[in-house]
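Reader: Could you walk me through this one? I would like to start with the sheet and then go on to the helices.

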Amino acid sequence: MISGGAKARISKKCNMKPGDIILFKPGGDLFSRIIAWGTKSPYSHVAVCVSPKMNLAIEANTRGGVRAIDLRKITREIDIYRIKEEYQFELDGVISFLVEQLNNKYDLLGVIYLGILKLLAIILRKPLKNAANKWQKSRDYFCSELCYEAFLKGGGLDIVPQNDKADITSPGDIAKSAITELVI
């Protein structure tokens, strides 16, 4: 018997399109709960759907760096965001960028630094404009940074115009963007 949560995840996955942004709610692990809490967001992780027909998405993950994942194996609660129709981007470029990044490492120091910056912004009640991630490595990615750069460098669209750099973008920033919308 399939639980209600599992039915909802299956339904969402069946309605995905290439280029959809998959935002994950925190799982049971401490790291994902800290990310959601530190960014004041219901989300702790992001992946980009490459091919719903092949059940394929690409993510940057602490357990394997930039890697392909099987949509059927997602067990956490997710929401699907899509670029609003009025914004044009090159889908093939986004997918090509993501594929080119496969096997790059996960940027753990970069995500820790991002967390510190986000917490400081909350404490000081000031936005992170012009913040710089000094620990950023050019070929290592954390999840939201990979998504942001895929759309910017591969697709020609800044999906988080409220942030001026990929390395200070969180999953919550992608959800709050005026460029994206919750579709499922």
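**Sheet and helices**

Author: The model has an open sheet of 6 strands in the order β4-β3-β2-β1-β5-β6, with antiparallel pairing (two strands pair if DSSP finds at least two bridges between them; strands are DSSP runs of E with at least two residues, helices runs of H or I with at least four, both numbered from the N terminus). The edge strands, each pairing on one side only, are β4 (65-70) and β6 (180-182).

Reader: Before we go on, what are the ground rules for the values?

Author: This is a predicted model, in which local features need pLDDT of at least 70 and side-chain atom pairs count only at pLDDT 80 or more, while totals for chains, interfaces and linings use all residues. Residues are numbered from 1 along each chain as its sequence is written, and side-chain values use heavy atoms, with hydrogens and water left out.

Reader: Over how many bridges do β3 and β4 pair?

Author: Strand β3 (residues 56-61) pairs with β4 over 6 bridges in the antiparallel sense, and Ala60 stands opposite Val66 in β4.

Reader: Which strands does α5 lie across?

Author: Helix α5 lies across β1 (21-24), β2, β3, β4 and β5 (78-83), and runs at about 45° to β2 (angles run from 0 to 180 degrees between N-to-C directions, and axes are lines fitted to C-alpha atoms, for helices over the stretch in contact).

Reader: And how do α3 and α5 cross?

Author: The axes of helix α3 (residues 91-101) and α5 come within 8 Å and cross at roughly 130°. That makes α3 oblique to α5 (under 35 degrees counts as roughly parallel, over 145 as roughly antiparallel, 65 to 115 as roughly perpendicular, and the rest as oblique). Their contact, meaning heavy atoms within 4.5 Å, involves Gly93, Val94, Phe97, Leu98 and Gln101 of α3 together with Leu146, Glu149, Ala150, Phe151, Lys153 and Gly154 of α5.

Reader: Staying with α5, is Ser144 buried or exposed?

Author: Ser144, which is in helix α5 (residues 143-154), is buried, with a relative accessible area of 1% (buried means under 20%, exposed over 50%, partly exposed in between, with a 1.4 Å probe and protein chains only). Leaving aside residues up to four places away in sequence, Ser144 touches Val46, Thr169, Ser170, Pro171 and Ile174.
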